[in-house]
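Have the sequence and the 3D view open while reading.

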Amino acid sequence: MNLSINATHDPNLRSWVGSANPVGTDFPIQNLPLGVFRRPGEVGVSRIGVAIGDQILDLFQCIQAGLFQDFSEKLQEACAASVLNPLMASGQDAVSSLRRRCSELLRQGSQQPDLESGILVAIAEVELLLPAAIGDYTDFYASIFHATNVGKLFRPDNPLLPNYKYVPIAYHGRASSIIPSDTPIVRPGGQRKPPTETMPSFGPTQLLDYELEVGFFVGTGNPLGQPVAIDQAEEHIFGLCLVNDWSARDIQAWEYQPLGPFLAKSFATTLSPWVVTLEALAPFRCPAFSRPAEDPSPLPYLASSSNTEWGGIDLTLEVWIRSAQMRSTGMAPFQLSCTSFRNMYWTIAQMLTHHTSNGCNLRPGDLLASGTVSGPELGSQGCLLEITQRGAHPIELPTGETRSFLADGDEVILRGYCEKPGYVRIGFGECRGIVVERGKDKTE
Ligand code: CA
C-alpha cells in the first residue's frame, strides 16, 4: 500500500500559482491530480495536465521546455502522450517521481519557470476530456447500505442476498458510453413494464436516476492467469475519480433478472476529469469498514491486516441538483446527499483482488467503480431510488418543484473532497451532467 506521507503532502507548501492557495480550493499543491485536456482550436490534439488552482500544468510543454530532461525516455514519452494509459502502465515509482517534480516546480520559493513557454493554461480555457482510453469498465456494488435499501425495494422479504457478505458483487459495464463531465445525458428509451401494465412497451425512461460512485483506474495490469494478492492490490491502482452511473430504473426493473443490468446502465456513465492519485490520498486513509460481529470474516484471499487497518479512504461525497427553472432564476444547486466513502463494505483493494482472483487480467486504464455510495443515515443515500423510495416520497426543490426521478433539464453535480486536521484539504473537482430530452441533444 502506498501510505507513505512525504514532502509533497507538507501542509506548509504554497504554490506560486495564487489560485492554488486559498483554504478550501480543490487543487492545492498537495493534490496534483492528472487529467487530459484540449486547447481551443487544437482539433484532435490532447495533452496530459496536472490541475493546480484554476490552472493546468501542461506536461507536454514541460518536456518541450526541458523541465523533465532527467526523466527516463519512457517516462517522458508517457508524459507527452494523449491519454494517461502509458503513465498508468509505468508504475507507482514513476508516477511518484512525476508528482515530486511537479510539486517542486510549482511550489513557492522555487524558481518560477518562464510562463511564455506555455506550461500553464487556465482550466476555464480548455476542454477537459476522458483521462484514459478505457478498455474495460466494471461496476461493483460495494455499499451494504445501498444494497440493502435497493434490495428492500425490489425484494421486500429478501433484501440482501446470501452471497453479499462474501462476494464483492459486480457486473461488466460498457466502456464505449463512458463520457467526460459536462456531456449532455440523452434520456434513454427502452422496454419497461410497470406493475400496473400487463404487457411491456418501448419509450423514454420515466424513472431516470443518477448513482454517486467512486471510480478507480488500473495502473499496471496483471497477466492473464495471475491473480493479484490483496497486499499487492493497491500497487495496481493509479488513482480515483468521481463517477455518475446514470440508471433507468424502469428499464432495470424489467430486464435485470436473471443476468443483471444491461441497457438500464449502458447509455451513459459520466466521469470527473481529474484523477487523484493514491499517493495524494495517503494522509486520508482509514480503517476498512468495521463489520458487525455477527458478519462473516472475508475469505482469506480478501483479508489482510493492512487492508483492515488502512484499506478505507475518508473521502466525503456530495450530490447536488439544479433544475432548468433553478438555473433560469439564478438559484444555486440544491444538495441531495452527503456521505463518506469510508462506509463501503468492500475496499478498493478487495474489489481489485476479487476481480483478478479467477485469473482475469486487468489492463492499464481499465476503470473499476465502487457502486452507489450510501451511508446508514438519512441524507446519505447516493441515488434518488433510495432517497424517494422509488418515488413514494418525492423531494421538494427550493423552487417548489418536486422530483421522484430526474426531469429533462435537471443537472446533477457530484463533488468529493478529503480533509483531516494537520493536512491541506484536497478535492476531486466536479462530475456534472444535464439531462436532455430525447432528440433535443443536437439542437442545444
Ligand atoms: Ca452502479
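D182 counts as exposed because its relative accessibility is 54%, and exposed means over 50%. The model shown here is predicted. D182 sits in the loop that runs between β8 (178-180) and β9 (185-186). Its phi is positive, about 80 degrees, although D182 is not a glycine.

R390 is another residue other than glycine with a positive phi, near 55 degrees. R390 belongs to the loop between α10 (384-387) and β23 (395-396). With a relative accessibility of 37%, R390 counts as partly exposed.

| Residue | Phi | Loop between |
|---|---|---|
| D182 | about 80 degrees | β8 (178-180) and β9 (185-186) |

The peptide bond from Q257 to P258 is cis, and its omega is near 5 degrees. P258 is in the loop between α6 (249-255) and β16 (269-271).

Now to the sheet. Strands of a sheet pair through backbone hydrogen bonds, either parallel or antiparallel. Here five strands form an open sheet in the order β4-β3-β2-β1-β5, and the pairing is antiparallel. β4 (120-122) and β5 (127-129) are the edge strands, each pairing on one side only. From one strand to the next, the twist averages 45 degrees.

Within this sheet, β2 (residues 47-52) pairs with β3 (residues 55-58) over four bridges, in the antiparallel sense. G49 has D58 in β3 as its bridge partner. Helix α4 (residues 92-106) packs on the sheet and touches β1 (34-38), β2 and β3. The direction of α4 makes about 120 degrees with that of β3.

Methods
Residues are numbered from 1 along each chain as its sequence is written. This is a predicted model: local features need pLDDT of at least 70, side-chain atom pairs count only at pLDDT 80 or more; totals for chains, interfaces and linings use all residues. Side-chain values use heavy atoms; hydrogens and water are left out. Helices (H or I, at least four residues) and strands (E, at least two) are DSSP runs, numbered from the N terminus. Buried means under 20% relative accessible area, exposed over 50%, partly exposed in between (1.4 Å probe, protein chains only). Two strands pair if DSSP finds at least two bridges between them. Axes are lines fitted to C-alpha atoms, for helices over the stretch in contact, and angles run from 0 to 180 degrees between N-to-C directions. Contact means heavy atoms within 4.5 Å.
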